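Colleague: Could you walk me through this model, starting with a pair of charged side chains and then moving on to how helices meet?

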Amino acid sequence: MLPAEETGENGMQNSVILIVLLLLTALGYHLGRRRALHSVGGTQAIRHLHSLPSYYGLYVVLWAVIPALLVMLLWGLVQDTVLNELIISTLPPEMQSLPPERLGLLINDIHNLAVGNITSEAPSPAIKAAADHLRSLQAVADLARAVVVLAIATAGALFAWRAISPTMRARNRVESILKGLMVASAMVAILTTIGIVLSVLFESLRFFQKVPVTDFLFGLEWSPQIAIRSDQVGASGAFGAIPLLAGTLLISFIALVVAVPIGLMSAIYLAEYASPRLRAWAKPILEVLAGIPTVVYGFFAALTVAPFIRNLGESVGLDVSSESALAAGLVMGIMIIPFVSSLSDDVINAVPQSLRDASYGLGATQSETIRQVILPAALPGIMGGVLLAASRAIGETMIVVMAAGLSANLTINPLEAVTTVTVQIVTLLVGDQEFDSAKTLAAFALGLLLFLITLSLNIVALRIVRRYREQYE
Amino acid sequence: MSSGNSVSPSFEKVQASLARRYARERRFRAMGLGAILLGLSFVAILFITIIGNGYTAFWQTYIRLPVYLDPQVIDPQGTRDPEVIRQASFRKLVRQPLREMFREVKGRRDKRLLYKLLSDDAPHEVQQRVIDDPSLIGRKVELWLLADDEVDMLVKGHIPRETLLEGRKAKLVGWVDRLQAEGRIEKRFNVPFFTRGDSREPEQAGIAGAAAGSFYTLLVTLLLSFPIGVAAAIYLEEFAPKNRLTDLIEVNINNLAAVPSIVFGLLGLAVFINWFGLPRSAPLVGGLVLTLMTLPTIIIAGRAALKSVPPSIREAALGIGASHMQTVTHHVLPLALPGMLTGAIIGMAQALGETAPLLMIGMVAFIVDIPQGPLDPATVLPVQIYLWADSPERAFVERTSAAIMVLLAFLIAMNALAIVLRRRFERRW
Amino acid sequence: MDRSRTRCSTQSESDVIKKTLAMAALSATLVSGVAQAASRDYISIVGSSTVYPFATVVAEQFGRKTRFKTPKIESTGSGGGMKLFCAGVGIETPDITNASRRMKKSEQQKCFDNGVKGITEVKIGYDGIVVANSRKAPRLHLTRRDLFLALARKVPGPDGKLIDNPYKNWKDVDAKLPNEPIEVLGPPPTSGTRDAFEELAMGAGAKTFPDLAKLRKSKDPAEIRALMKKLGIPESAFNKKGKKVFKAVAYAIREDGAYIEAGENDNLIVQKLEANPQALGIFGFSFLDQNADKIQGSFIDGEAPTFDNIAEGKYPVSRPLFFYVKKAHVGKVPGIPEYIAEFTSEDAWGDEGYLADKGLIPMPEEEREKYRNIARNLVQMPNL
Amino acid sequence: MSLIETTMVGEETAGEAPSVSRPEQPMQEDLGSDFQTVGEVRVDNPAISTTGVQVYYGEKHAIRNVSLDIGKNQVIAMIGPSGCGKSTYLRCLNRMNDTIEGCRVEGEILLDGENIYDKSIDVVALRARVGMVFQKPNPFPKSIYDNIAYGPKIHGLAANRTELDEIVERSLRRAGLWEEVKDRLDAPGTGLSGGQQQRLCIARAIAVEPEVVLMDEPASALDPIATARIEELIDELRENYTIAIVTHSMQQAARVSQRTAYFHMGHLVEVGETTQIFTNPRHKLTEDYITGRFG
């Protein structure tokens, strides 16, 4: 429980800083507003101010908070490194000359000792001294951090406060800061993509050094079981991704065949026919389906649906694999119903009432109106929903891991077992095989492949959606 | 008054088509209703299966035994100091009544089996009692002690008696029968399930650790993804100029929504753990990964919500001299917020149920201690379910289902929130 | 008018403030996070999902008996565990990795290259691999030869040449076996269980064919080529070591649907077997032990997969389990020697220890003694 | 034909204080539940004849006891201040109010002698006979051709493509839009200008060959030139159709209609020949309104 205390201490220190910072901002807001009002001589002359008084307050707040938080973050990032360096410099020379990893372990020991954790070996005097030193350094550093952060907050606030004058364009400045934050938020998406590409690209390249790209992309056989391990020799080791892609598409297709009609019809019924009461109940209940963990679906598929389908198949004389694509696809379809229904429902609701009126005014029945007016108008949105659902299906992992099996059959028979790209990624990465073999690397190549497929798919889909939009707006 | 029915030829055609059109209308409507009922019945089947499997886990078998709290064993000096009591071995004390009750049991093997009636945790329970109330020392008290998971399964009927009778533990059945006949076995509400961390002994395993892990993970996710998601949605929908960069961001967001979660796990491993050096198995890292995963959902839903606010409202606000930013924050955002929240709730629900990416960042781990912050090693509810589902002990089957029930309870709570929001703010333009 | 205007704007700005504060709280967490990452006071264990159930029990006992924190144990698979373990020395790397197979030379080399030089190897016991089916179906008496014939991709045909496995029914394999189609759910190639099964069951089954047995032993290229020709193995598969050619034949499992790769989740296989009485499943003994009411283990070479048979080495298909300790971390991360002591105590891995209750098959006493000494003295594994 | 002479109440109001009018307050005046419409509510050859129509939106009583005939091949204009109920009344005539939740209609509305609120009446068939054009042009997000063809298609009016082409062309010609769009029938209807869109909507309405066309402020969103085109069109359409038009513009009412009905707070205050209403209103409220004292 000692470490918890430590976390608590650290957290407490942080929260103290934050609370003081909060008070500072409240004060800054108030003062900034007041100064702005005073600068024009009170509320009567408010129209002489460029912006509303609150913007001046906000301007002060932003100046107080943003630099202070940045410094706090930066401080946190470097404090430990600096402290460690300081500690290392006081250690006996033979310890200092240790290789960096060992030194890191030593520092861990010192840290554990400093915060009062149990350590394994009786610490040497040098370590003990270092721990004491570390403790005092930490206390100083924490104090210094609090002082510096709060000082910077105050300085920032003061700077902004002094700059306030009736002609200052406070609103524009505040707005451009906020806009900057928004742009930064939007850029996260790009950073994420870059991160993903970098995370999978290098390993994939190494894989392609071992297995030619063409074999990977166009090979009709996936059989990573042989010719991989150093002590195994293969008769048919193969890294053809086609069966995996076919399996993925088959299962996703089954899922969409289940989810799109059910989801879309549910959305239509809820939006156009259902009483408000039914709507208020049914929609959230359906949405529960989206939130049920995929692990649960996996079990449901493997233990309830798959045996059921198998028995059903046998009763009519069909040969059904106990890990049929159908079972996985059906359950996945159930899972993605709400993706289709919720988003379609929102889109259908967004279709203007005037279009409905026009159609009813011509004497169309409700279903005619829905099919011929509302659905075409809502199509881009619905496609968006279906697309989202499809991406879920393609990327879904746990259900297929549990229900779809691992045999890479190239088939379109939904009663047979197939495997998917995601299943292979998981099995290849968390299996017991030797690392850095082509097999592990294949997982990254599959990840890259999947990423590229969804990327191109989305670009195409986005184009279509956009063309629709331009047509109807 | 009127000159009768001077019906036009076109109207005759209309009338002729009516029956067919109404039949189609009815069919369409029935299909809609059917779709809803189908969807709802899926929910029902799932819930019935899970609840049917898991409700028994909320009750746990206890055995009542007369335990003599021997001062010689617990506290020979009579100090009544909790530290002294903590050092004492309670194992013997707990086994004593069993030995006395089943005097006929001889031989080391059988005795070991006899002690297996009780959970490993029983001595600790007694110890805690004594620490809380030292006056018990020296008295013989009837205590309800936690039974072993196999006894629990037997009492609940999850393991048929016949099977057990065939195996190495055949004698257990007779002993349990005798205890039951003496009224020494009772099923009680399973409090430890909600207060403890994971354990390899099913009877001691609880979900508190995983729940805390889920809490911290989701906290990080929510705090990061909602503000960033909303800000990004506003920027893209309201401010972004139509240029290459905006297009790129848009393509990226749409694509990220389709990137398999496992790939996000790879990203988390490479970036947060290997590059930033954040600790493995920490809710902070889990939260960061899930943030990146849920951001696209939140941004897409947020943009849809913003888009559904009619331009006339923006024009109205701009028309009375509001700045672009004011228009958005004062008028558009409040109107779009319910839609954004719906998206956020869907995103959080996804995050709550996500397993695959956490596999890559070390959250599939055995962690007994309940995490105290976003940096302690932790696991999350769905991963706990996955781990328990993979455990060989039979008693974990019902616990898995019970954990699923708890998880679903959280989901329902979240959805209830969504209903409230939607009910209060939904509007048609 | 003015007042209401101001109020209106203040409200939305207070939202902005709230948001800023939330961000502040989060960045503070991040800050303390980075600071925290610098120290670790619990043991970090990774590795095999087969050893995981045993390691976790030990960890729990250890956490309860000592003042140390309970170790964190991740189930990453043996290979994944090795990768993390061998990534280097330092608190961000694990202290111990579990494995359901011995560390490979290449892995040890990797460890060495990354500065992980002192490694202690500890064998902890055995795991039996069973072939089981639903109790609703009759119990099978199989031989390893039957398993090879039923599951290999290529089997010796009537003329002794290898042909694609023609058997669809157990009866075709051996007339004594029931008239049921061959359907076996088993681990994927990525699994350590599969490795062990291939070696212990398939390989042993293949050796019952004299030509294959000869091929396995042969180191003479001419003889190998001759045998390959006799068996109808294509030239391209040639290797100087006959053993490698043998493995390529004997360890190759058929892919025509009779063998279904069913993932690592052994519980799931158990459930599937229950739903489908014709099917057989291949998995670890502990699952059979726990689900004895639902499934039964087939006899292999006349031995039933019972605890005693496996412990005594009578049951032919069982494999050793290990864990590896990074010596550099001992003394730096608190609790490692104590954890090892707990694992190697008779209370844990003894004949009647709690690990046996969980399905681990104990080693014979001398072997236990040997590995206890190795473990407690942290004897280094021989370097390359 | 019963002629309902209902000057009593009106005269009282008018006689009471013609010069002491309080123009800022007339909206508050409650005409009372027994108010009787001033002027001739019945005509000789009505397309639609309504008696005692009451409309409620939940608790709100939106139309109070309105009786009015709409003459065949005539244009009747409904005028009145915002919220007076004229649009609501119009929407009763083809039961468009059915689509609004909580709306309840009482009274008798006869189309060719049949009560359209009768259970036996089919609302779809009714709307095929009584078409509607809305305030805001609302073309479907389809091509121009498909916009017009929509009605005939759903009602099965065309046996084949050629017939459909004919209907589309005829409707567009009647709506005076043919020359402008004949080369781009496949272009989206939403791409037309506002005035063109509204004519498209009119063409769409008449493509179904209704007997009556209801127009709810059809020109209020349009510029004067487009408005003029619409007005011309209405005048031309009168030959074949009966038209009821709600308008805010008194000039428009004066220009296009033969009869005019003045609504006020849910009451039909006065109805009569358009020229009479505009030159010699009999009720004071009508006079106030058309002279621009309120509204």
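**Salt bridges and a helix contact**

Modeller: Asp69(D) is buried, with a relative accessible area of 2%, where buried means under 20%, exposed means over 50% and partly exposed is in between, using a 1.4 Å probe and protein chains only. This is a predicted model, in which local features need pLDDT of at least 70 and side-chain atom pairs count only at pLDDT 80 or more, while totals for chains, interfaces and linings use all residues. Residues are numbered from 1 along each chain as its sequence is written, chains are lettered from A and ligands numbered from 1 in the order in which they are written, and side-chain values use heavy atoms, with hydrogens and water left out.

Colleague: Which side chain does Asp69(D) meet in a salt bridge?

Modeller: Asp69(D) pairs with Arg42(D), at 2.5 Å from N to O; a salt bridge here is a side-chain nitrogen of Lys or Arg within 4 Å of a carboxyl oxygen of Asp or Glu. Asp69(D) sits in strand β2 (residues 60-71) of chain D and Arg42(D) in the loop between α1 (8-16) and β1 (46-57), 27 residues apart, where helices (H or I, at least four residues) and strands (E, at least two) are DSSP runs numbered from the N terminus.

Colleague: And is Arg42(D) buried or exposed?

Modeller: Arg42(D) is buried, at a relative accessible area of 11%.

Colleague: How many salt bridges are there over all chains?

Modeller: A search of the whole structure finds 56. One of them joins Lys230(C) to Asp211(C), with the closest N and O atoms 2.9 Å apart; Lys230(C) is partly exposed at 45%, whereas Asp211(C) is buried at 15%.

Colleague: Changing topic, at what angle do α6 of chain A and α13 of chain B cross?

Modeller: The axes of α6(A) (residues 170-210) and α13(B) (residues 261-275) cross at roughly 85° and come within 9 Å, the axes being lines fitted to C-alpha atoms over the stretch in contact, with angles running from 0 to 180 degrees between N-to-C directions. The two helices are therefore roughly perpendicular, a label for 65 to 115 degrees, while under 35 is roughly parallel, over 145 roughly antiparallel and the rest oblique.

Colleague: Which residues make that contact?

Modeller: Among them are Ile196(A) and Val200(A) on α6(A), and Phe264(B) and Leu267(B) on α13(B), where contact means heavy atoms within 4.5 Å.
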